[in-house]
Amino acid sequence: SASSSPTEPNRPADIARLALTKLRIEDGIALETVFRRVTETAADLLNVERVGVWLLVDERRALRCVDLFERSKATHSAGITLHVGAFPEYFAALERRKTVPAEVALTDPRTAGLADAYLTPLGITSMRDATIFVGGEAVGVVCHEHIGAPREWTTEQRDFAGSMADVLALKIRAAELEEFRVALRMQAMQLAEARRVDSLAAMAAGVAHDFTNILTVMIGGAELIAEHPTCPPEVAAFARQITAAGQRGVALAHALMGCTRPGPR
């Protein structure tokens, strides 16, 4: 139309992809929010009952669901775990291919191993799974699970499923980078605090050292007064009190210098 440019997205799938891409981790959008938006969007666009985001955990020995959207209930859940060793054909397919289109999931060699433990109890008949690759390595999968009569997946649906995995890969990488940036900022703050403490400790040690020198002069003078042969007894008593107080002050200064010495870091 005259009101839109030919290059502007004008299909629901394009608009959805663009909206998801604009969710910026750098702007404070949580990765969990991205997962929820992706599963909801994919369920609506592909007209499937269940869409889940699963990530490899436990040193790649298990696949854990971090968000599962059930369209008919409009609910999200998480926590289901599948062990890689129990379903070798499925996980091998995820590692080999960008998408795993199983139109009859119960008999497809790649997904049939999931039948008893996962597909049949949930009534899943067709699947369109897309592997999430980050840095060339599979880190998870976005699963599109159809309930009802088995269905064929169109090329456009296949491409959209793959693009959802691409969006998640970008956001997972962005979250990793943001976590790294936060760690660097914390490290810089800790270093600055350590330097500030060291500076205060050095200043305190200097003050304690000077204070000790002053007290030493006072103690020496008081001792001379107390020991002078012409010193009246009451003056000598006061002088000895000054000496005792000065010695306590020296002990406190030494304790303070001990506290300011750098310990193991």
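The legends below describe several close-up views of a predicted model. Residues are numbered from 1 along each chain as its sequence is written, and side-chain values use heavy atoms, with hydrogens and water left out. Because this is a predicted model, local features need pLDDT of at least 70 and side-chain atom pairs count only at pLDDT 80 or more, while totals for chains, interfaces and linings use all residues.

**View 1. Helix α2 and the residue that follows.** Helices (H or I, at least four residues) and strands (E, at least two) are DSSP runs, numbered from the N terminus. The expected span of a helix is 1.5 Å times one less than its number of residues, so the 16 residues of helix α2 (residues 31-46) should span 22 Å, which agrees with the 22 Å between its end C-alpha atoms. The buried residues of α2 are L31, V34, F35, V38, T39, T41, A42, A43 and L46, where buried means under 20% relative accessible area, exposed over 50% and partly exposed in between (1.4 Å probe, protein chains only). An α-helix has 3.6 residues a turn, so residues three or four places apart point the same way. Just after α2, N47 takes a positive phi of about 55°.

**View 2. The packing of helices α1 and α2.** Helix α1 (residues 12-21) packs with α2 at an angle of about 180°, and their axes are 11 Å apart; axes are lines fitted to C-alpha atoms, for helices over the stretch in contact, and angles run from 0 to 180 degrees between N-to-C directions. That makes α1 roughly antiparallel to α2, since angles under 35 degrees count as roughly parallel, over 145 as roughly antiparallel, 65 to 115 as roughly perpendicular and the rest as oblique. On the α1 side P12, A13, A16, A19 and L20 meet R37, V38, T41 and L45 of α2, contact meaning heavy atoms within 4.5 Å. By class, this contact of α1 with α2 has seven nonpolar, one polar and one charged residues, where Ala, Val, Leu, Ile, Met, Phe, Trp, Tyr, Cys and Pro count as nonpolar, Asp, Glu, Lys and Arg as charged, and the others, Gly among them, as polar.

**View 3. Strand β7 and its two partners.** Nine of the 11 residues of strand β7 (residues 137-147) are buried, so this strand is largely enclosed by the rest of the structure. Two strands pair if DSSP finds at least two bridges between them; six bridges join strand β1 (residues 50-57) to β7, and 10 bridges join strand β6 (residues 124-134) to β7, the strands running antiparallel in the β1 pairing and in the β6 pairing. V141 in β7 is the bridge partner of W54 and also of T131. The hairpin of β6 and β7 has two residues between the strands, and in it G135 takes a positive phi near 60°.

View 4. Most residues other than glycine have a negative phi, but phi is near 55° in D58 and near 55° in E59. At 44% relative accessibility D58 counts as partly exposed, whereas E59, at 67%, counts as exposed.

**View 5. C65 in strand β2.** C65 is found in strand β2 (residues 62-70) and, at 2% relative accessibility, counts as buried. Leaving aside residues up to four places away in sequence, C65 touches V53, W54, S77, A78, G79 and I80.
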